[in-house]
Amino acid sequence: AVIPYIQHTLHPVSIVEGMIPMGVLMPFFVLVFIVNPILRLAAPQHHLRTWELVIIASILYVSSHTDEFLSRAISVFAVSNYMATPENLWQEYALPHIAPHLLVSNPNGQLDYFYEGLPSHTKIPWHIWVGPLFSWLSFFVAIGTGCITLAILMRKQWVDQERIPFPFAKVIESLAEDNESGIFPSYTKNRLFWIGALIPIFVVFWFMIGYFRPDFPVITLGITGHKIGLGRFVPAFNVNFYFPVVGFAYFTDLQVLFSIWFFYVLTWLQIWSTVRFGIAEGLGTYAGTRQQAIGGFVVFCLWALWIARAHIKTIFQHLFAKSNISDQHEPLSYKTAGYTFIACCLYMIFWLTQAGLFWPLSILVVVFWFLFYLGFAKIVAMTGLVFMESPGLGQYILDYAPPGSLADGDLAMRHLVDSTYQN
């Protein structure tokens, strides 16, 4: 309830952006440094333990993006009939190619109430919302459940075999550290902790003065990014220093950190050279590097599967050949997770096909959807990047179909699903 109020009423800087948003960290800091110490003093037997704080942080993380995601999704299937006008010709060229059960209809202008307010003594027209809401929410539940079960199936490989560091989890676990001999966590007694905490706090509060007094000199380090322009028609070279990124990067492998900035510089040099030599015409702002990123991302995802081939083979044998595998430490048994994942994939294929996508393309989209999710999740688990965007979701693979090969319904579904895009 707090996050939607802040986002839609107060309109501050977004508190739900990033892989570990402020909407998660700030309430967690309040719990660790204010609420829990008070509980230790007033009712020591009821103070929050480490595992309880970690569970609360997990719930905060999962729920923090719900408002943004649902707001974007509802706007997609509610806006079409509302915004259709004789001028934009949506009724003639766009809406006929979208399955009616995916869009909120507008009989007698009842959809207008959602945007313009409900007239006095008028009941909410639930009947126009039930069908689209159920259809879209069932699709989103299938996506979310599929992602969770896939993560359960891959947890043992990533944690026990590949020893991925999971910087986000390490930070939360470290902050939630229990201290039986004091009211505050033991790391608060370390001088380095206070030095590291007070530097960004000082910079932020100093910058806040300049917000209210524009003539006041401010420190922008760690607050705003800087761009270096090195030529016409060449994207600016971004040079940013963010304290949260530095903090999480402490837990990231040095080779991974080196690869991130090295290939960023290399990519920018490629954009610069291709633009300056005139061979990037028609390739867009990023001179074709986005297409390269998707190609490299696909290879990375396939390589992640290849590395885990022995683990995946064992899971398949456990599901279909009645072999035994230890899963007592998993949130769900491998059979439950595996069959649930398969069911989610089948439902997504069915949903996309019923929505108007050609069934082989539905299979292709779902396969790449979870393949991209797997690669994206692994990169986040390896790097702890605070700000990161996936090169694309499963439907992006349709962009590489030969010209004219996609039907009107295929194109409509590709863009409709893409409108609900969320990492």
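**Salt bridges in a predicted model**

Arg155 and Asp160 form a salt bridge, their closest N and O atoms lying 3.9 Å apart; the term denotes a side-chain nitrogen of Lys or Arg within 4 Å of a carboxyl oxygen of Asp or Glu. The model is predicted, so local features need pLDDT of at least 70 and side-chain atom pairs count only at pLDDT 80 or more, whereas totals for chains, interfaces and linings use all residues. Residues are numbered from 1 along each chain as its sequence is written, and side-chain values use heavy atoms, with hydrogens and water left out.

Side chains of opposite charge can pair when their charged atoms come close. The structure holds five salt bridges. Arg155 and Asp160 belong to a network of salt bridges that also includes Glu330. Arg155 is partly exposed, at 28% relative accessible area, and Asp160 is partly exposed as well, at 34% (buried means under 20%, exposed over 50%, partly exposed in between, with a 1.4 Å probe and protein chains only).

Another salt bridge joins Lys378 to Glu162, with 2.7 Å between the closest N and O atoms. This pair links distant parts of the chain, 216 residues apart: Lys378 lies in helix 15 (residues 359-383), and Glu162 in the loop between helix 7 (127-161) and helix 8. Helices here are DSSP runs (H or I, at least four residues), numbered from the N terminus. Lys378 is buried, at 5% relative accessibility, whereas Glu162 is partly exposed, at 23%.

Arg40 forms a salt bridge with Asp178, the closest N and O atoms being 2.2 Å apart. Because Arg40 lies in helix 2 (residues 22-42) and Asp178 in the loop between helix 8 (167-175) and helix 9 (191-212), the pair ties together parts that are 138 residues apart in sequence.

Key:
Helix = DSSP H or I, 4+ residues; strand = E, 2+ residues; numbered from the N terminus.
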